Amino acid sequence: MRIVFMGTPSYATTILEALLQHSDIDVVLLITQEDKPVGRKQVLTPPHIKAWLLEHDLHVEIYQPKSLRGDEAHAKIAALKPDFIVVAAYGQLLPKAILDIAPCINLHASLLPKYRGASPIQSTLLANETYAGVTSMLMEEGLDTGAMLGFSYLKIEPKHTSTLLFDALATLAAKLTVVTLENFHSISPLTQISANASHCKKIKKEDGLVSFDHSAQAIVTRFKALSPWPGLFLESGIKLLELECSNEKENALGGVLQAINPEGIILTCKKGSLLLKTLQPISKNAMSAVDYIRGKRLNIGDTLV
């Protein structure tokens, strides 16, 4: 079967790799986002999936349109006569003209209809869900509203940050993609119940701002969901790079240095305390929290900020 694949981050790369290894699948085109400037020096950097293809010298044509709307993108895809268009975290909505070329199958990283939208994995962690999963679905003009073709899921473990969960779900999605394509004509699509739907927004940098007026557990939950980007940071600009919950006792004041041990420093929160191991002050390298408070001459009972 002939496949046009659309995707951008590592999640999509894992799925593409599974398709390229399948003897009955011919990926005739990769469509991905444009190269973008990254970092302080604004170095023009290709999307993860494009870099992976080039690194492995895989002969798949790469197409990076600014937009899928217009005659050029439609003509290019239609000329290839794909049997399916497979989409995984591409980053743009598909216009109706492209949806009409061939069945478009999206691999969305949630158990739909929960967490339609741009940040399903982070939102799943922020909500302290027990399970996470992926859904293969037929695409339509709505945002993640199409009929569902299959599911795969796993139990969320305490170790799961968004990065680890992305990787685990990408592996599930890769297997689910192959199963969905192989069995497409025998699957009865299941309509989503919109009354059960929830939507998640695109994560922004300001979502990483926290204070010790939150509970320790809430801060740890946000840390798992928002690492590595945007990460957690305080109003002062200090980034919290490595932390865990220490206890859940009530405290009168948050941000107070409660104890110092070889692993890090214990800071009070409105409820509970955090063991902060590593932090990064503004315009400086990451350092141990113990070294930071020694440099600032902070003692037990002082506040971090």
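This is a predicted model: local features need pLDDT of at least 70, side-chain atom pairs count only at pLDDT 80 or more; totals for chains, interfaces and linings use all residues.
**View 1. Strands 15 and 16 run antiparallel and are joined by four bridges.** Strand 16 covers residues 271-280. Strands here are DSSP runs of E with at least two residues, helices are runs of H or I with at least four, and both are numbered from the N terminus. Two strands count as paired if DSSP finds at least two bridges between them. Isoleucine 266 has leucine 275 of strand 16 as its bridge partner.

Residues are numbered from 1 along each chain as its sequence is written, and side-chain values use heavy atoms, with hydrogens and water left out.

**View 2. Strand 14 (residues 257-261) meets strand 15 through four bridges, antiparallel.** These two strands also form a hairpin, with two residues between them. Asparagine 261 is bridged to glycine 264 in strand 15. Strand 15 (residues 264-268) has five of its five residues buried, so the rest of the structure largely encloses it. Buried means under 20% relative accessible area, exposed over 50%, and partly exposed in between (1.4 Å probe, protein chains only).

**View 3. Glutamate 263 and lysine 277 form a salt bridge at 3.7 Å, N to O.** The term covers a side-chain nitrogen of Lys or Arg within 4 Å of a carboxyl oxygen of Asp or Glu. Glutamate 263 sits in the loop between strand 14 and strand 15, and lysine 277 in strand 16, so the pair ties together parts 14 residues apart in sequence. Glutamate 263 is partly exposed, at 49% relative accessible area. Lysine 277 is buried, at 18%. Glu244 joins Glu263 and Lys277 in a network of salt bridges.

**View 4. Two other salt bridges involve lysine 76 and lysine 201.** The structure holds seven salt bridges. Lysine 76 meets glutamate 61 at 2.7 Å, N to O. Lysine 76 belongs to helix 3 (residues 71-79), while glutamate 61 is in the loop between helix 2 (48-55) and strand 5, 15 residues apart. Both are partly exposed: lysine 76 at 27%, glutamate 61 at 38%. Lysine 201 pairs with aspartate 207 at 3.1 Å, N to O. Lysine 201 is exposed at 54%, whereas aspartate 207 is buried at 13%.

**View 5. An open sheet of seven strands has the order 5-2-1-6-7-9-10, with mixed pairing.** Strand 5 (62-63) and strand 10 (148-155) are the edges; each has a single partner strand, so one side of each lacks a neighbour in the sheet. Strand 7 and strand 9 (residues 131-138) are antiparallel, with four bridges. Histidine 108 faces threonine 135 of strand 9.

**View 6. The largest pocket is lined by 50 residues.** Pro9, Ala89, Gly91, Ala118 and Lys202 lie nearest its centre. Elements giving two or more lining residues include helix 1 (10-20), strand 7 (104-108) and helix 5 (120-126). Helix 6 gives the most, with four residues. A pocket, on a 1 Å grid over the protein atoms alone, is an open set of points where a 1.4 Å probe fits, with protein on both sides within 12 Å along at least five of seven lines; lining residues have an atom within 4 Å of a point.
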